[in-house]
Amino acid sequence: MLLDDIMPFWMRYAPDHEHGGFLHHLDREGRVYSTDKGVWIQCRAVWMLSTLYNTVEKRQEWLDAAASGYDFVTRHAFDEDGRMFFLLTREGVPLRKRRYLFSESFGAIACNAFGRAAGDDAAVERGAAIFRTLLRHHTTPGLLEPKLYPAARDLKSHAMPMIILATAQELREGGRASNHDTIAAASVEEILRDFVKPEIPALLEHVARDGARVDVPAGRLVNPGHAIETSWFLMREARRNGDEALIDRACDILDWSLALGWDDEYGGLFSFVDCDGWPCEQLEWDMKLWWPHTEALYALLLAHHLTGDTRYEEWFERIHEYTMTHFPDPEHGEWFGYLHRDGTVSHTLKGGLWKGPFHVPRALLNLVHLTEEMVG
């Protein structure tokens, strides 16, 4: 599916041969319905193509497309302060910049992976520099405008230590001496100390600055997909360090997220859940999105591999059946991204500002690599 369906769809329709980079607002048939370019989608595409080149096969078409995306990003995606924009026109004119640091996180791993694929040390160093910029803005008070007035309610998001952990793990693949192990360890500690709440049990999306629960909708919010994704980031770290206790903690998070997130009536994973059972503020709370299911497939296979527990095999089969029954588009290829609660298709887009060539191909690639390892 990865090499004969998913990647051919994106390689056929996404490359912008006129201005560089990728046209990722694609309808069901691959037609472009908007030429605006999300920076993090550009970076995710560069990372994915470069990673395929680095780990699967040295296909020139993958490297050429990654080079086009890398060139577009480096020419157009950076503001004067070193941070990255969020949205550009087709030609690369800035449209929007956000307070969040996710463009930078994906920019860092894109440059790292492309640099290794192309043998470009300057690109690898650019990735490291972007990560340093991300960390400086994250840790320096006042550099980023807060979402809420901190004097009234000072919340922090699980998304930040999560993405910092994932970014450090990817940059570490470059084999350069750095402090990525220390950064990863600090992120693991923060996640487990402040966001993991065994008494609920759940991994919360937002907590007070000191890790305390806050009894408002944001403070009760569980994002099953994010929590499941974090569980395999933690498993990956535990595996590297031989940390059996961390594997157990990661599996707890996976267990809790499946218990809270699984829809017993229609199947599939909810997008959002209130840990105390109150209504969610997010109107799309009961939709079934593609990416939590891809994250669950890999997390479950990895958990089964690391623990031998058959319940993860059973959960894998359940999630796999739902995913393959509902998301792939047998007529035009690739996957639908958005389903109503009952599993019917809500939106037929194949790419947009949030969906691109990342979660599906990354999960499939991870599953291929892990399966190969398991069968020896």
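Analyst: Start at Pro-201, in the loop between β7 (196-197) and β8 (202-203). The peptide bond between Ile-200 and Pro-201 is cis, with omega at about -5°.

A word on the source. This is a predicted model: local features need pLDDT of at least 70, side-chain atom pairs count only at pLDDT 80 or more, and totals for chains, interfaces and linings use all residues. Residues are numbered from 1 along each chain as its sequence is written, and side-chain values use heavy atoms, with hydrogens and water left out.

Now move along the chain to Asp-210. This residue sits in the loop between β9 (206-208) and α8 (217-220). Is Asp-210 buried or exposed? Asp-210 is exposed, at 60% relative accessible area. The cut-offs are these: buried is under 20% relative accessible area, exposed is over 50%, and partly exposed is in between, with a 1.4 Å probe and protein chains only. Arg-193 is 17 residues from Asp-210 along the chain, and their C-alpha atoms are 9.6 Å apart.

Helix α8 holds Pro-217. Pro-217 has 30% relative accessibility and so counts as partly exposed. Cys-275 is 58 residues from Pro-217 in sequence, yet the C-alpha to C-alpha distance is 9.4 Å.

Next comes helix α9 (residues 224-241), where Ala-227 lies. Ala-227 is buried, because its relative accessibility is 0%. Which residues does Ala-227 touch, neighbours within four places in sequence aside? Its contacts are His-158, Leu-203, Ile-253 and Ser-257. Contact here means heavy atoms within 4.5 Å. Leu-135 is another matter: 92 residues from Ala-227 along the chain, with 22 Å between the two C-alpha atoms.

Now to Glu-295, in helix α11. Glu-295 counts as buried, at 2% relative accessibility. With neighbours within four places in sequence left out, Glu-295 is in contact with Gly-225, Ile-228, Glu-229, Trp-232, His-359 and Arg-362.

Look at α11 as a whole. This helix runs over residues 290-307, 18 residues, and at 1.5 Å a residue should span 26 Å; the end C-alpha atoms are 26 Å apart, which agrees. The expected span is 1.5 Å times one less than the number of residues. Of the 18 residues in α11, 15 are buried, so the helix is largely enclosed by the rest of the structure. Just after α11 comes Gly-308, with a positive phi of about 75°.

Gly-119 follows α4, and its phi is positive, near 65°.

One more helix: α5 (residues 121-139), which includes Glu-125. Glu-125 is partly exposed, because its relative accessibility is 41%. Ile-183 lies 58 residues from Glu-125 along the chain, and their C-alpha atoms are 17 Å apart.

Then back to a loop. Glu-334 lies between α12 (310-326) and β13 (338-339). Its phi is near 60°, a positive value in a residue other than glycine. Glu-334 counts as buried, at 0% relative accessibility.

Last, the whole chain. Its secondary structure comes to 13 helices and 14 strands. How does the radius of gyration fit a compact globule? For 376 residues such a globule would be near 21 Å, and the chain has 20 Å, which agrees. The radius is taken over C-alpha atoms, and the globule rule is 2.2 Å times the number of residues to the power 0.38. Along the principal axes, the C-alpha atoms fill a box of roughly 55 × 50 × 45 Å. Buried residues make up 56% of the 376. Of the contacts with a separation of 6 or more, 62% join residues 24 or more positions apart.

How values were computed: Helix = DSSP H or I, 4+ residues; strand = E, 2+ residues; numbered from the N terminus.
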